[in-house]
Amino acid sequence: MSWFSGSSKSESAPTAVPPTEAAPAEKPKPCCVCKPEKTARDDCMLFSKTDDPTQECKSVIEQYKACMAGYGFKV
């Protein structure tokens, strides 16, 4: 029975480690990040008076893509 009490003490420490590692691994939802960049991109595209708003808003779109890439999303 001495082997049982010795193994329970060594197993108690590793079981406490995984829950702390799981919390930072969670990824935020795409709708919850880069809100100012998304608003600027949408406003630029919606209120553009050119025939090709994609060209006019290219820098704003690139800023949004860079922000999303920082969170691990590919846009």
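1. The axes of helix H2 (residues 35–47) and helix H4 (residues 58–70) come within 9 Å and cross at roughly 155 degrees. These axes are lines fitted to C-alpha atoms, for helices over the stretch in contact, with angles running from 0 to 180 degrees between N-to-C directions. Helices are DSSP runs (H or I, at least four residues), numbered from the N terminus.

2. This is a predicted model, in which local features need pLDDT of at least 70 and side-chain atom pairs count only at pLDDT 80 or more, while totals for chains, interfaces and linings use all residues. Residues are numbered from 1 along each chain as its sequence is written, and side-chain values use heavy atoms, with hydrogens and water left out.

3. H2 and H4 are therefore roughly antiparallel to each other (the term applies to angles over 145 degrees).

4. In the contact between the two helices, Glu37, Lys38, Ala40, Arg41 and Met45 of H2 meet Val60, Ile61, Gln63, Tyr64 and Cys67 of H4; contact means heavy atoms within 4.5 Å. By class, this contact has 6 nonpolar, 1 polar and 3 charged residues. Ala, Val, Leu, Ile, Met, Phe, Trp, Tyr, Cys and Pro count as nonpolar, Asp, Glu, Lys and Arg as charged, and the others, Gly among them, as polar.

5. An unreviewed UniProt entry places the feature "binding site" at Cys31 and Cys32; such annotations may be inferred rather than shown by experiment.

6. Cys31 is found in the loop between helix H1 (2–25) and H2, and Cys32 is found in the loop between H1 and H2. Cys31 is partly exposed, with a relative accessible area of 47% (buried means under 20%, exposed over 50%, partly exposed in between; 1.4 Å probe, protein chains only). Cys32 is partly exposed, with a relative accessible area of 48%.

Note on methods:
Angles under 35 degrees count as roughly parallel, over 145 as roughly antiparallel, 65 to 115 as roughly perpendicular and the rest as oblique.
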